[in-house]
Amino acid sequence: MSLLYAFYGDDFTGSTDALEQLAEGGVPAVLFLRTPDAALRARFRDVRAIGIAGDSRSRSPEWMNAHLPAAYAALGDAAIVHYKTCSTFDSSPQTGSIGRAIDLGIASFGGPAAIVVGAPHLRRYVAFGNLFAAAGESVFRIDRHPTMSRHPVTPMHEADLIRHLANQTSANITLISLEDIHAGRAGAVFDRAQTGAALFDGITMGDLAVAGAVLHSRAVRFAAGSSGVTRALVITWQAEGQIEKRTVDVRASEVDRLLVVSGSCSPATARQIERGVGEGYLPAKADVGALLRGETAEEARLVDTAISALGAGGRSVIHSAEGPLGDAAPAAGDKLGAALGRVTAQIVRQTGIKRLLFAGGDTSSHGVAQLGIDALTWAAPIETGAPLVRANAEDPAFDGLELVLKGGQMGGDDFFETVRRGG
């Protein structure tokens, strides 16, 4: 069966967001946790979309040069390939360069490329090239967002996305503004981008529908951006009759035990940890310095603490921070995530827990990679942008494990219990 769509996620949490959009749109899909070989692809031969959950959000441009072309090539039999970014678009010339990923995508698939960042379903909006994102009840320009303006690795100090990308790519980027979209000029403006890229404004689902129609009518081969790309395409596929519209009526079951592993320094996650502890989650604060030094005694302490908590009906939260870090804090999401992943693997193996919540995009990517999972499939909705997914693995300790991978800023204060109850 031909593939409608394929994506490379720059972190694991964002990858499950795209998987959710596909599932809710009626598109059978699978998310691979490594570049799939023919044998792994054959296990999911009936899907219409595939993804690779990557960790390029925390990688250098040199790393991207060495790894992204092969990943793009592995996805190249799809009608369109999407470099899936976080909806907050945080990146820098040194780390997680979206501009470099776009350059490599254009080199692989030709141009013009499309950039869609607005994701109204996540309360992310792009107006006249500027990105806005919600935090709690309020919406902030991204350079004034209480979390993303202070991200420990890639703080967003520029809301104008074309100016932001100008530090990462020399490609010419054309803006398709709200005025262009509403005046019916989106296609004509897109055509002017030629070999560069075009950034679509978007604040409503109607705006996404216009973007999807342009991508479809121009047979665009490469796009970059949030799950707004995915939603735009789903809307178009449904309108064109390529997939059937359907209502998702699935609910996850409740579990008695839940392990939460957090490498997030978001204020939202800090509130969730405080609420969770008040609701009976036994906390285990990680000694980050010891983990970064590779001290196995600290890993063993976290494992023992969590196993003790995860008795009958037990709940545990392992966390590395309780809110934003100071400006002098080191950026070490890869090493911290790998250490937390090793801890998690031991806990899952020894307790047999059935559900796990990872918080924090960078650390989740490196943490889940330690579990030996081959692929993830969508299981049920929990909260928009953070669905319940199910592991496919050869190791029976991890096969069938249910996970929620959430960005640090996602979810209400009671999110831990929402995940445990199944929504």
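Guide: A residue is called buried when its relative accessible area is under 20%, exposed when over 50%, and partly exposed in between (1.4 Å probe, protein chains only). This is a predicted model, in which local features need pLDDT of at least 70, side-chain atom pairs count only at pLDDT 80 or more, and totals for chains, interfaces and linings use all residues. Residues are numbered from 1 along each chain as its sequence is written, and side-chain values use heavy atoms, with hydrogens and water left out.

Visitor: What makes H9 largely enclosed by the rest of the structure?

Guide: Of the 14 residues of H9, 11 are buried, so the helix is largely enclosed. Among them are Val229, Leu233 and Trp237. Helices (H or I, at least four residues) and strands (E, at least two) are DSSP runs, numbered from the N terminus. The cover over the buried residues of H9 includes helix H1 (12-24), helix H8 (205-217) and strand E11 (222-225).

Visitor: How do you know that the length of H9 agrees with its number of residues?

Guide: The expected span is 1.5 Å times one less than the number of residues. For the 14 residues of H9 (residues 227-240) that should be 20 Å, and the end C-alpha atoms are 20 Å apart, so the two agree.

Visitor: What is found at the start of H9, and what follows the helix?

Guide: A side-chain oxygen of Ser226 comes to within 2.9 Å of the backbone nitrogen of Gly228. After H9 comes Gly241, with a positive phi near 80°.

Visitor: Why does Thr16 count as buried?

Guide: Its relative accessibility is 0%, so Thr16 counts as buried. Thr16 lies in helix H1. Beyond its neighbours within four places in sequence, Thr16 is in contact (heavy atoms within 4.5 Å) with Leu31, Leu376, Pro387, Val389 and Leu405.

Visitor: How do you know that E16 and E17 pair?

Guide: Two strands pair if DSSP finds at least two bridges between them. Six bridges join strand E16 (residues 375-383) to E17, and the strands run antiparallel. Thr377 stands opposite Arg390, and Ala375 opposite Asn392. The two strands form a hairpin with two residues between them, and Gly385 in the turn has a positive phi of about 90°.

Visitor: What makes E17 mostly covered?

Guide: Six of the seven residues of E17 (residues 386-392) are buried. E17 is also joined to strand E18 (residues 402-406) by three bridges, in antiparallel fashion.

Technical notes:
A polar contact is a pair of N or O atoms within 3.5 Å; within protein, one must be able to donate a hydrogen and the other to accept it, and residues adjacent in sequence count only if both atoms are side-chain atoms.
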